[in-house]
Amino acid sequence: MLIGIAGAVVASIIVLIVLFKLMWRVAEPNEALIISGSKHRSEGVAEGLGFRIVTGRGTLVTPGVQVVRRLSLDLNEADLDVECVTSQGIPVHVKGVVIFKVGDDPVSIANAARRFLDQQKMMGHRVHNVFAGHLRSIVGGLTVEDMIRDRERMTGETRAASGSEMEKLGLIIDSLQIQEILDPTGYIRNLAAPHAAAVQRDARIAAAEADRRATEAEQEAFARKAEATRNSGIQQAGYQAELETATARAMQAGPLAQAASRQEVVVQETKVAELEAHRKEQQLQADVRKPADARAYETRTKAQADRDARISAAEALARETELNATAEANRVKVAATADAEATRARGLASAEATKATGLAEAAAAEAKGLAAAEAARALGLAEAEAIKARAAALAENQEAVVAQQLAENWPEIVRAGAEAFGNVEHMVLLNGAEGMGDVFAKALAMGGTGLGLARQLLSAMGPQQGPDGTAAGPSAHPAAGQPVPVRIPVQDGAAG
């Protein structure tokens, strides 16, 4: 009995231990447990997340009801390999590395769990895309020189620009390093070329300076050695000369004593001769040279005074000639300038007058031509209208038109009838007043005969079409207001 109870207790304990093992989950120091399946509230996180966050401790999980997944809090690394263009338009290849991790606070863990729980291996790719975009934008505002000299600035600006987005992803940046800046165009190499050349130049200058100093030291050593050799030789030669001199003096002591005595005699004689020569020179100076010098000085002074006077006169004459030539040149120049200006003004005035005259004559000729053309046109139109009107009137009433023409030209008709009596030298009128009446009646009958003849002519010709299609009379019809010549037959039998 007791054994059965003990076995049951042991079995219960074992079951409890197994159940505890199944329900107990422990979060490692480098991970966070994301427990979903029930509503939980985590510190610092809003309610209603639907999951619980556990870090650094253990917790009980209900199997079948809750699901436990682990989110790594380890460091992650994303390599940056971005092609950018600087503000100078130079393409560069920027290589770097970003060290990041999920933040330790609940908010960062929650943000990272929502975005990367099932895609933790894609964190590096997402971070690379975020940093690549901001890095291109920041490099676009820098020059190549700024990127080389101040990488900290580029790194700081990139971190600051990416910070808010990384915070939304639940990630924090532990380190951002720009490792290398590649220049496919060779700009950086060309930028470094002057400095490299300057370093090479300084190195060559330093080597040449060291060589020069070494050579100078060697030459100075050689010079000092030669100087020492020379000084030794000189001293030896001096010693030898002193020795030989002493020997010679010893050998020539007797002859030197005799020569010294003779020398003293010659010296005394020379002094006497010098004193005599000096006396004669003084005499010559007083008698000849001083008067000659005085005369020469007088002659030279007079010649110099005459020369100075001639030079002054020549200079004065030259100055006067120069002033006269300058004045004449200025006068000629002013006169030539005035003549040139006057000629130019006259030419301009003549040209303007010619131009104005030509324009006026052209305008007058144009106006006359236009006026003549208008007058001719108006006269032609008036004559055409008059002919047209006369032709229309003649077509409508020939007798009226003829009568009008005859009435207008009646004096001419009567004059023409009277001319028939002009060839009569003597006219005898019979029957007195009756005879006179007959004569006038015949003259009037001639006028009536002309009227009938005109009517017959008009009737025989009939209306004719003018060139413009309107009715026109005979071509003998005169224009309005012009006299019509009428020939009246005269019968000589009228004469008595």
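1. In this predicted model, strands β7 (residues 91–102) and β8 run antiparallel and are joined by 10 bridges. Within β8, I173 is the residue that stands opposite F100.

2. Strands of a sheet pair through backbone hydrogen bonds, either parallel or antiparallel. Here the sheet is open and has three strands in the order β6-β7-β8, with antiparallel pairing. The edges are held by β6 (76–85) and β8 (171–182); each has a single partner strand, so one side of each is left without a neighbour in the sheet. From one strand to the next, the twist averages 25°.

3. Helix α5 (residues 151–168) lies across β7 and β8, and runs at about 145° to β8.

4. The largest nonpolar core has 26 residues, of which L71, V98 and L171 touch the most other members. At least two residues of this core come from each of β2 (31–36), β3 (51–55), β6, β7, α2 (106–116), α3 and β8. Helix α2 gives the largest share, five residues.

5. What does L171 touch, not counting residues up to four places away in sequence? The contacts of L171 are F100, K101, V102, G103, F116, M123, V127 and M166.

6. Another core, of 15 residues, lies apart from the largest one. Its members include A132, L135, V139 and V144.

How values were computed: Residues are numbered from 1 along each chain as its sequence is written. This is a predicted model: local features need pLDDT of at least 70, side-chain atom pairs count only at pLDDT 80 or more; totals for chains, interfaces and linings use all residues. Side-chain values use heavy atoms; hydrogens and water are left out. Two strands pair if DSSP finds at least two bridges between them. Helices (H or I, at least four residues) and strands (E, at least two) are DSSP runs, numbered from the N terminus. Axes are lines fitted to C-alpha atoms, for helices over the stretch in contact, and angles run from 0 to 180 degrees between N-to-C directions. Contact means heavy atoms within 4.5 Å. A nonpolar core is a set of buried Ala, Val, Leu, Ile, Met, Phe, Trp, Tyr and Cys residues joined through side-chain atoms within 4.5 Å. Buried means under 20% relative accessible area, exposed over 50%, partly exposed in between (1.4 Å probe, protein chains only).
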